[in-house]
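Student: I am new to this structure. Can we walk through it feature by feature?

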Amino acid sequence: MARRHQSSDAEDLLDFGDLLQPSEAAEPILGKGVRGALLEWLEEIWAEAELIAANLKPRKRAIFDGKPGTGKTTLAHHLSARLGLPMLVVRPERLIDSFVGSTGRNIGDLFDMVAKTGPVLMFMDEFDAVAIKRKAANHGAEEERNSWVNTLLQRIEQYDGYLIAATNFASHVDPAIWRRFDVHITLELPGHFERERILERYLKPWGLPKQPLRLLADSMETASPALMRQFVEALKRNLIIGPKVGWDLRRDQTIDRIVAGIQPHPEFGKPRLWSRGAADAAIAAMPWPLPKADEIDETAAPPSAPADTVVPFPAKASG
Amino acid sequence: MTTLGKNTPDAAALTGYLERIEKLNGEIKDLQDDRKVVYAEAKAQGYSNRQMRRLIRVRAMKPHDHQEDEAEFAVYEHAVGLAVEPPLLRFMAKAGHDTAVRDQVIEAMKSFVPPYGKGEITVTMEGTPVRLVRTKTGEVEIKDVEKPLPFSPAPASKGKPKAEVPDVDDDGAYALGRQYARDNRPIIENPFPFGDGRRPRFDAGWRKENGGDGMGPSEG
């Protein structure tokens with residue numbers, strides 16, 4: 001639909017996406033390399049005055065690239081919170097329009113409006129939808145796309161604020177636009193350590209002793225943080241709602257039910273837990289009922305599960 | 001049929017058929033010539049033959065087929081950028097200049113208003129939106145739209161008083177950061193606003209005390 005051009009109110013910023021406040025941010029859980037790069041960037045932004053004195057400018061534009069659910073938005077939100085800025089999450093569908101010339105105009109409006117309303121961190125999710133590679137145009141639609149990518153390129157170049165773009169398809173992004181970003185960060189799937197921390201965080205107020213936690217994290221190798229969160233939240237939902245509505249809350253049945261209802265994207269590989277379900281060694285080692293995090297007794301021997309439901313599986317050596 | 005041989009056609013019968021078809025062909029040609037004359041007559045009066053042919057085609061269609069045809073064409077036209085606005089908007093825009101049509105649109109929309117308490121419809125024309133709401137008794141009421149509250153991007157200006165920023169110097173901010181870390185409060189609770197030189201000092205203090213970088217627990 002045609003955008004209202006006559007209106008200049010700051011509230012129109014919300015036409016382009018949602019505004020997230022610093023206080024709503026969560027701690028990202030990241031691998032070592034990425035966090036080093038990010039901290040360096042933060043320090044650089046804070047040293048702006050010194051850099052300008054030396055005729056340098058801090059880098060203000062970053063592009064995050066990573067598979068869906070690897071925490072690109074969480075990370076951008078955390079950065080905005082560290083800086084103390086609200087984050088405008090720009091929705092690509094609010095920019096792309098079916099009328100000739102409208103998309104370019106929307107992009108212009110967005111940058112104008114952000115300049116007017118004071119400092120925000122602009123976060124452009126699904127960036128490949130807007131900053132798509134330019135190609136020789138064979139028909140009108142392609143010409144239109146080339147023209148809006150040119151507009152975007154110019155506006156990014158002129159924009160003096162903080163901009164973070166996120167994409168699942170880095171190779172679809174126009175190379176000239178890619179070059180305008182000074183920080184490029186690829187978010188990988190979490191490693192073993194990060195998986196343990198992610199499980200711990202989302203399990204709260206429940207928790208797992210060290211050994212079962214390690215095994216569960218092992219069984220979720222190649223899972224994205226989003227998938228792990230879905231799994232853990234489903235588990236918690238079962239524990240909360242189950243007793244009220246009379247679900248079968250035996251451990252293996254519960255796990256099988258959850259695993260059946262949440263599936264990783266076929267392209268990203270199936271974590272072991274999803275192949276073996278309740279038969280996985282990680283589940284056999286899981287204390288049941290799930291203990292509360294503050295009641296975990298690390299000295300107690302791991303409870304043994306009923307033998308008839310356990311299929312032995314060689315657990316990985318502890319790392 | 002003749003009896004000359006099994007596969008010999010009856011020449012007389014065949015000739016009869018051929019002659020009948022030739023006669024019809026001649027009639028068709030005469031009729032076509034007549035049609036040309038009518039078109040020429042109309043053209044002489046200033047009517048466009050092209051549009052006449054189009055009208056004749058449309059008149060021959062079933063009304064429903066014609067409507068579908070038009071709607072589909074309008075959508076395609078819009079999709080390839082030939083139409084400036086979608087068909088519905090075109091109608092609405094017309095309504096914007098014509099109060100009678102505007103009332104008609106509101107009247108027409110009334111039948112779409114959901115039952116009481118289930119929702120409402122907002123119609124925007126001539127820049128003045130009106131809400132159509134169904135009352136308990138089932139009648140549709142026309143109400144004004146309340147303006148949304150002005151938007152403010154700065155979190156500090158909304159409810160939270162500025163006084164929350166502690167009155168300390170750089171070292172004080174550093175110490176405060178360490179205190180927050182000891183109290184197990186998250187690093188993003190940094191009380192200094194964006195652009196304040198004490199914000200990075202607080203952040204550094206927090207990290208110093210915590211030993212991490214504020215991005216969650218770290219390995220080793």
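Student: Let me begin with one residue. What is the relative accessible area of E126(A)?

Tutor: E126(A) has a relative accessible area of 35%, and is partly exposed. The cut-offs are these: buried is under 20% relative accessible area, exposed is over 50%, and partly exposed lies in between, with a 1.4 Å probe and protein chains only. Before going on, note that this is a predicted model: local features need pLDDT of at least 70, side-chain atom pairs count only at pLDDT 80 or more, and totals for chains, interfaces and linings use all residues. Residues are numbered from 1 along each chain as its sequence is written, chains are lettered from A and ligands numbered from 1 in the order in which they are written, and side-chain values use heavy atoms, with hydrogens and water left out.

Student: Where is E126(A) in the chain?

Tutor: In chain A, E126(A) sits in the loop between β4 (121-124) and α6 (140-158). The element names come from DSSP runs: helices are H or I with at least four residues, strands are E with at least two, and both are numbered from the N terminus.

Student: What should I look for in the backbone there?

Tutor: Start with the general idea. Most residues other than glycine have a negative phi, and most peptide bonds are trans. Now the case here. E126(A) is not a glycine, yet its phi is positive, about 50°. T222(A), also not a glycine, has a positive phi of about 75°. T222(A) lies in the loop between α9 and α10 of chain A. It is partly exposed, at 35% relative accessible area.

Student: And the peptide bonds? Which residue does a cis bond join to K204(A)?

Tutor: That residue is P205(A), with omega about 5°. P205(A) is in the loop between α8 (192-203) and α9 (210-219) of chain A. The bond from W288(A) to P289(A) is cis too, with omega near 0°. P289(A) falls in the segment after α13 of chain A.

Student: How do I read the burial of a helix?

Tutor: Take helix α11 (residues 251-261) of chain A, where R251(A), D252(A), T254(A), I255(A), I258(A) and V259(A) are buried. Viewed down the axis of α11(A), they fall within an arc of 160°, so they line one face of the helix. That arc is taken over the directions from the helix axis to the C-beta atoms.

Student: Which exposed residues are on the face turned away from the buried side of α11(A)?

Tutor: A260(A) and G261(A). The cover over the buried residues of α11(A) includes α10 (225-245), α12 (272-276) and α13 (281-284) of chain A.

Student: How do I describe two helices that pack?

Tutor: Axes are lines fitted to C-alpha atoms, for helices over the stretch in contact, and angles run from 0 to 180 degrees between N-to-C directions. In chain B, α1 (residues 11-44) and α2 (residues 49-60) pack at about 125°, with axes 10 Å apart. Under 35 degrees counts as roughly parallel, over 145 as roughly antiparallel, 65 to 115 as roughly perpendicular, and the rest as oblique. α1(B) and α2(B) are therefore oblique to each other.

Student: Which residues of α1(B) and α2(B) make the contact?

Tutor: Contact means heavy atoms within 4.5 Å. From α1(B) come Y39(B), A42(B) and K43(B); from α2(B) come N49(B), M52(B), R53(B) and I56(B). By class, there are 4 nonpolar, 1 polar and 2 charged residues. Here Ala, Val, Leu, Ile, Met, Phe, Trp, Tyr, Cys and Pro count as nonpolar, Asp, Glu, Lys and Arg as charged, and the others, Gly among them, as polar.

Student: What about a pair from two chains?

Tutor: Helix α3 (residues 72-83) of chain A and helix α7 (residues 198-210) of chain B have axes that come within 9 Å and cross at roughly 115°. They are therefore roughly perpendicular. A81(A), R82(A) and L83(A) of α3(A) meet R199(B), D203(B) and R207(B) of α7(B). The residues of this contact divide into 2 nonpolar, no polar and 4 charged.

Student: How do the chains look overall?

Tutor: Count elements, then burial. Chain A has 13 helices and 6 strands, and 50% of its 319 residues are buried. Chain B has 7 helices and 3 strands, and 22% of its 220 residues are buried.
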